[in-house]
Every structure is written in structure tokens, then in C-alpha cells.
Amino acid sequence: MTPGPLLLGAAAGLAAGVVAGRWNARVWLALTLVSTAAALGAAGSLLLGGAIWEFVSTFPIAGQPLHLRLDAVSALFLALVAIVGGAGSVYAHEYWSNQDYPQSAPRGRMWWSALLLSMGGVLLSWNGLHFLIAWELFTVAAFFLITLERQRRDVRAAGWLYLSASHLGTMCLFAFFAALAARTGSWELGPMRERTELAPLFWLALVGFGLKAGMFPLHIWLPSAHANAPSHVSAIMSGVTIKLGIYGLLRTTGWLPLPVAAPWILIGLGAITALFGIAFAFAQSDLKRLLAYCSVENIGIILIGLGGALLAVADGHAVWGRLLLAGALFHVWNHGLFKSLLFFGAGSVLHATGTREMSRLGGLWRAMPWTAALFALGAAAISGLPPLNGFISEWLVYLGLFDAVTGRSPAAWAAMPAAIILGITGALALATFVKAGAMIFLGAPRTAAARHAHECGPWMRGPMLVLAILCVAIALAPVVFWPLVARASGAWQPMWTEMPVPASLFTLGSLQIALAGLALAAGLTLWWRARGAGAPRHLTWDCAYAAPSARMQYSSGSFAGIAGGWFAWLLQPQRQLRRPRGLFPAIATRVERVPETVLELIFTPVATVILQVSTAVRRLQHGRLQYYIAYVVVALAGLGSIVVLGGRS
Amino acid sequence: MNAFAIAFVEFVVRLAGWLVLAPLLPGIINKVKAWVGGRRGPPVLQLYYDLARLWQKGVVLSTLVSPGFVAGPAVAWVAVLGAALLLPLGPIGASLSFHGDVLLLIYLLALARFCMAWAAMETGSAFEGMGAAREVSYAVLAEAALITAVLALSVHSGSVTLVTMLTPAAGAGAVLLAAGLFTVLLAENCRVPFDDPSTHLELTMIHEVMILDHSGPPLAAILHGASMKLLLFAVLLVEAVLPLGGLSRLAAAGALAAGVLVVTVGVGLVESLMARLAFRRVPLLLTTAFLLCLFALLVAWKGGDA
């Protein structure tokens, strides 16, 4: 089946969902699932080898003829939108149900459909103006989804921050597309690599798309928006919408000529984003904020891959460039899958306990075995550990960087530091997710809320299971997914159309299967040998202390103490210490908080200065007519004197 | 006998070699420490007796732990064994080798670390939390050093495959690389000066404190895995420094064995002659190791230019 009817069906279904979401949850769910399945089918048929689908109509929208096109790059992202969009709608059926949220649930469904529809529009538009319209629509839809719980002050603050930051980005994109249209004479998009005078426009696109992707230091809106949104919204924001920023960068770099410095800047920004993102993530004690910062890190990894691929294009090194690009594209999928899984897990914890603060949780595995097991899987996957899918994409990126180094091309000077930073990032990601998993699910419950937790229902468990299965599928059969990614690479760089599966990826895939099997077998054998279920149970051996309390456990802050301390110059943690005083000390407290450093120490002061200057200038606007006449006279006199003096010289 | 059967027999011998020889190393280290201290010390085969005894024993579990507490050590053991099997053994090469296998090796060690830290956190003990936090934090610096060392080897040999990376004659940076990798070996295997495997004062430890609650077969898996990891790092260090590729098969095998013995005795001597560092000094030493590897990388880069 050609993608056309499927896409039309998907669009119609989602548009109907915008209306149906208001009044019936079940009808809406059915519509959304059918639409996302259709969109997935369209994307799949294209990635599996179908011809590019194109639709041109002379019927103008906003004065421009409609031009839609689905190629392999769009299809790769469309597949992700469809999978996470479908999974999230099922999840929301229980997580944000009519019973729990009678006010906001219908609104949430409506905006969910609108978000999916407009993201599809962004991916299919082949016209700059329509791209901008769809971009703006999806930004606004995401704003209303973030602020579903708008009676809470911090949710509103996060929403406004998101909206204003996004519009800063949109402004850059407006400038970018308008300048592009002005210089080419048309809003139509497409390859124009020979027009070298367009190269400087890349910087506008980098700011606009980079802001949406959450690139450091433009990530300021991301942590609070992703943390305060409902969890299914956080999942699609972190898993999918920030990837549209990557999509924009892929398109820009694929179509336009680039400044010489662009690949170097991109790979450098990627490395900084990865390292700083994970440093902030490690120091967080709020689970969803941790996951949000971790998204920043993963965007960094994708940018390293993309920047490296651009270096390869510039130098004409197809072999390792392909590996880097394939790694970046695989990571787009992988991160979309496991980050959504983790946010769904976080939502399940929040649903069960009412808190995101990891130091108030603990021991949840007993009450929530499904969530715990799936979260652990996602945690291992996002740490880039074999035999899971995160390792596949990170291995490809590493391999590309190493090949660039051994090839001794000039790109090695970027690849060497990038590889080392990637290694540090990987180790920190591991530490971060050991901490997150352990604080929430292991040990003893730290509060009553954690003691009375309950497992989530089948509607929330099902989507998590599906995402976990997809993660495992990519992990164990990367060669099956390679041709799909290879097609997208070919669409990005026409010279790279023939990308056979690397032999080493085939070996790696087999080894991943063997490793998974052996790990399972070893785990079961040891559990059986230890007679796990029947083994005698005793208190944890705490240096022979017989009455341990749950509060004595290592907390999130103490776990992050050592490595977090190395990044204190970056994190600027705020500490308040009240030492115990006197012979019978009653109170001693220590409060430690990691602020939104970049926002609070850089952006807010700058914004405050701008606001002060604007307030000062506003004094001129007081509404007294005689002063306005005086302004006019002064201005006229001034202009006149310039004319007179200028005429003489 | 066809080629497949030969490969199979070779694989089994290699597997048995790793499994059987690894527990020798801690025994040798302890013997060296005893000699230097003027004691007779435990027999070299002590760890074998311990493992046999532990495997027979029952298990006591904490009331808090999930099945992950037992599965963690099992997966970690598999991961370390897998990493060991990727490593070529001088003259007989690797049983399986592919472009980029060195990265799999590094990440298998990371998988083992994840599982051990996870299992430690299962108990809810503050001591084990402390150990896990130290383990994963210091590993950040150790991993940076290890990646840099691997980069140096890659640059020197122009390859990302372990077999070809480890065969050529070591370049001018061999001494730097040896010093860096030896420090990483000490840190990753929790030896003095990073950790003191002979104390039982929990506050001062990394590895030992993470396994306080393990007993019976899972503890046996942990101890055996730790000894395999030590052997793995020793073999990696020796092969990175000695030009085994240029020697005849017998000489290469002898050089490899002698090199591993020297490294092991070296660990024992360091342990006898040095005290454990204060914890705040640990990052400094690891950063030094990273810098040594970085200089080795630069030397390898310049060496290739000449």
C-alpha cells in the first residue's frame, strides 16, 4: 500500500481525534491508535524500500501551494512519532483518566491529537511557510499539554518558560526561512548545496533548532517543562518533540551549504551538551528532572554523531561518516524508545506515591515489580550497556570516532576529545541510573507514601512493555533495522545511498543475543543454586547494628556527593548547614539544592537587566501631550541640525 | 578433524584457562605480601578452596532484597567472562575478533559494574550505598583513562580491533601507557592505594563493602569474577606493552605468562610497600593515570607522523 492513503487516513483520524477527544475517551483512543498505526505503516513502507511519496497541490494555503513529501529521513522520525504517540495515548487512558482529572483529561486528549497532527505536518512539509506554521502549532500544542495541571504555580511557570524560550527559537527560524525565501525567491525547500552564499544562514537554524533540541546552553526551558508536565507528555516531549530539533538540523545540514566551521562547532557543542547534561542529571534528586537532563545528554550524543558525519562529508570520508550518522540516527530511535519507557515508569511511580523526590521513595520493587523490572531495563539501556539497544548506537558513534582517529584525518582532532568525553559521559550515565533505580526501587521504603505504593494497571503497563520489547528487538537484531537507517542516511547524503550492513555489526548482533541468553541462564542458575525463593531471610548486615531505620540508607544526594563534587564549579550547588549546637542539640539540618544554574546565573540576570532598561525607557511613555510635542520638536531640531551640518561637510 | 571442531576445542581450552587460572592471581598477591611482611601466609591456592567451600554453602538473604540481588553477580560474572574471551592471548589470538571489539570489552566491564552496584544497593545498607557510590564515581575517571589508553593503542596500530591493536611492537609511549594502565588496573580491581582488600573496616572500602551481604554461591561468583577481572587487566597491560607479535609462538606465550606474573607480583609489592590513599586523593591519582594515557596518546600520534 502506498503511503498516501495511509497518511491521509492518519491525518483524518487525528483531526477527528481533536474533536472526539472532548467527549469520548474510548472513541478517541481507538481513533488515535488507528491513526498512529496508519502513520507507522506509511513510514514503515517507505523505510522498507517504498518509493518517495510526494503530493503537490495548486490549492494555496496561506498563499503558498501545498507541497507534502515523505522521504526516508521524515519516515524515520514519523515512525518514532507514531510509536510513542500511540503508546502515550494508551498510557494516558489510565494515567490521566476522566475519573482522576475530569477538567483536564478531555483537553489533554484534544491537544495530544493536535500535537501528533502538527508534528506530522512538520515532518511532511516541503514548504518553508507551512513548516513554520506546523512548527508553531506543535509548539503551542505542547504548551497546552505541559500546562494541563495549570492550577499549580510551578506548572504555569514551567509552561511560560517553555513558551517564551520556544518563541525565541521560532523567531530565529522565522528569520532563517524568510531569509532563505528572500534569497532563493521561493518558500519551497529542498537541496540547494551549490548556493554557497546561503551558508551563513546555518547559524540561525542552529540556534532555532538547537533550542528545541535542548542543546547546551539553550536547554534552560527543558528540565522544568519536562519535569512538571504530566508523565505521558514528558515522555513524548523528551522522546520525540526534542528530536524534531534534530530533524531540523538534519534537514538544514543535508540541504544547505555549510560554513566551514559548522561541523566543528556542532561536534563541540555535542560533546559539551553530553557531558554537562549528564553532570546536571547526576546531581538531581527529582526523578523527572533527572530524566529531563539526561535527555540533554543524549541530544549531545546525537549531535556528536551528526557533527562527525558532517566532518566526514566535508573531508570526503564516507566510511566512518556513515557509521557516525547511522549511530546518530539509531540513537534518535533508541533514545525515543527508552526515554519514553523511563518517563512512563516515572509516571507510574508518581501515580503510586505522589512524589518525584527520589529520597522520599525506596523499596518500591515489592509493590511494583513490573514497573521496577521495566525501569531497570530502560536504565541499563540508557546507560549504553550491552546487550541492550543503547549500546548499539553508542558503539556506532564510538566506532566512527575511532575510525576517524586511526584514519589520521584532520577530523581526528575533534574525534579524540569527543571519544574521551563520550567515555566519561557513559560512565556518569551509568552512575546516574544506578542512583535513580536504586533510590526508587531498592532498599527500604523511606516514607509512608513509598510503603503504600501500588502497581499500575494494565493500560499503563502495556505501553511500557511494548517499548521495552522494541528496545530489546533493536538490541538483539540491529542488522534488521540497519537497512531502514541506511535509507535515511541515503536520503540525507545522496552519495551514501549504498550502505551495506557492516560485518562487525552482524557479529555484534549475534554476540548481543549470546550475551543476553548467557546472562539470563546465569541469573537463573545462581538463583536456583542459592535456592533464592526458599533462602532464609534476615536483616541487612549493617555492621551488626540491629535496629536500622530506612532513613539511614544512602540518599540521592549522598550517592551523588563524590562525582557531583567534581562538577561543583558547573553545578553551583546551594548548601545550607545548621550544625548541632550545645550539649543536647535539638535541631541540625543540611539542605542542598542544585539550582537551574544556567538559567538562574546567566539567563535570569541578563533578562533582569533588559527588563530594567525597558522599564527605564518606559518612563518616556507617560501620556502627557505637551511632553510628546516637546519630543517631536527636539527630534525635528536634531534631524534638522544633522541635515544642516551634514550638508556643509 | 575439521576446522569447526578445532575451533571448538580451542574455545573450550581458552574458556577453561580463564576460569581455572584466574583465582591464582589473588593467591600470588597474598603470598608476595606475606613474604615481604615476613610471614608464611595462606597457600597460593587459597581462593580455590574458598570458592569450593562457598559454592557448597547455603545463602542468607536480606529481607529487603529482590531477585536482582542474586542475578546481579551472575550477570556481572558473565560480562567479565565475555570481556575476557574477547581479549586475544598472545600467540593464539582471540576466539572471536571484529572491528570495534575493544569497545564491547570496555562496555562489558561497565555492565559488570552496573550489576554489582545495583546488587549492592539492593540491601538498603548505608555502607553498601557508600561503596557503590565510590565504585561508580571513581570509575568515571578510570574509564576516561582506559578510553584514552585504547585510543593511544588504536592510533599506534591504526586499528580498532584488539588482535591487531595488541600485536605490534610497543611505541615510544609504552612506558607512559604501562604506568597509566597499571594505575587503572589498581583502581578497577580495588587494590591499594585505592582500596585495601585486606581490611574489614567498611568505612574505608569500595569493593569489599559492596559485597558485605552476599554469601554462598553468589559470593563465590563475585570473588571468581573479581579474579578474572584482575587477570584480564593484567593480560591487557602486558599485551599493550610487550611486542608479542614479533616473537615466536612459544616465546610469546612465555613472555605473556612472565609478564602477568610480574604485574601480579608488582601489585603485591605495591600493596606491601604503600598505604591506602585518603579518599580525597584518589581522584588526583586517577587523573594522573588519565594524563599518563593522554601523553601516551600524543606520543603515539607524533610517532605516526614521523
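Reader: Which residue just after helix 7 of chain A takes a positive phi?

Author: Just after helix 7 of chain A, that residue is Gly214(A), with a positive phi of about 90 degrees. Please keep in mind that the model is predicted.

Reader: Why is helix 7 of chain A described as largely enclosed?

Author: A residue is buried if 20 or more other C-beta atoms lie within 10 Å of its own. In helix 7 of chain A, 11 of the 13 residues are buried, so this helix is largely enclosed by the rest of the structure. Among the buried residues are Leu201(A), Phe202(A), Gly208(A) and Lys212(A). The cover over the buried residues of helix 7 includes helix 6 (153-184), helix 9, helix 10 (262-283) and helix 11 (287-315) of chain A.

Reader: Turning to strands, do strand 1 and strand 2 of chain A run parallel or antiparallel?

Author: In a regular strand the side chains alternate between the two faces of the sheet. Here strand 1 (residues 53-61) and strand 2 (residues 64-70) of chain A run antiparallel and are joined by 7 bridges. Opposite Val56(A) stands His67(A) in strand 2 of chain A. The hairpin of these strands has 2 residues between them, and in it Ala62(A) takes a positive phi near 55 degrees.

Reader: How is chain A divided into domains, and which of its elements gives the most to the side of domain 1 that touches domain 2?

Author: The division is into domain 1 (1-173 + 188-259), domain 2 (264-522 + 555-560) and domain 3 (597-643). In chain A, 37 residues of domain 1 are in contact with 44 residues of domain 2. On the domain 1 side, helix 9 of chain A gives the most, with 14 residues. By class, this side has 23 nonpolar, 11 polar and 3 charged residues.

Reader: How many residues does each chain give to the contact between chain A and chain B?

Author: The contact takes 65 residues from chain A and 64 residues from chain B. Helix 6 of chain B supplies the largest share of the chain B side, 18 residues. By class, that side has 41 nonpolar, 17 polar and 6 charged residues. Strand 3 (residues 537-538) of chain A also pairs with strand 1 of chain B, in the parallel sense over 2 bridges. There, the bridge partner of His538(A) is Ser62(B).

Reader: Where is confidence in chain A lowest?

Author: Where pLDDT is low, the predicted coordinates should not be read in detail. In chain A, confidence is lowest in strand 5 (residues 589-593), at a mean of 84, and highest in helix 13 (residues 369-382), at 96. The mean pLDDT of chain A is 92, and 99% of its residues reach 70 or more.

Technical notes:
Residues are numbered from 1 along each chain as its sequence is written. Chains are lettered from A and ligands numbered from 1 in the order in which they are written. This is a predicted model: local features need pLDDT of at least 70, side-chain atom pairs count only at pLDDT 80 or more; totals for chains, interfaces and linings use all residues. pLDDT is the predictor's confidence in each residue, from 0 to 100. Helices (H or I, at least four residues) and strands (E, at least two) are DSSP runs, numbered from the N terminus. Two residues are in contact if their C-beta atoms, placed from the backbone, lie within 7 Å. Ala, Val, Leu, Ile, Met, Phe, Trp, Tyr, Cys and Pro count as nonpolar, Asp, Glu, Lys and Arg as charged, and the others, Gly among them, as polar. Two strands pair if DSSP finds at least two bridges between them. Domain bounds come from an automatic or database domain assignment. A residue is buried if 20 or more other C-beta atoms lie within 10 Å of its own, exposed if 12 or fewer, and partly exposed in between; C-beta atoms are placed from the backbone.
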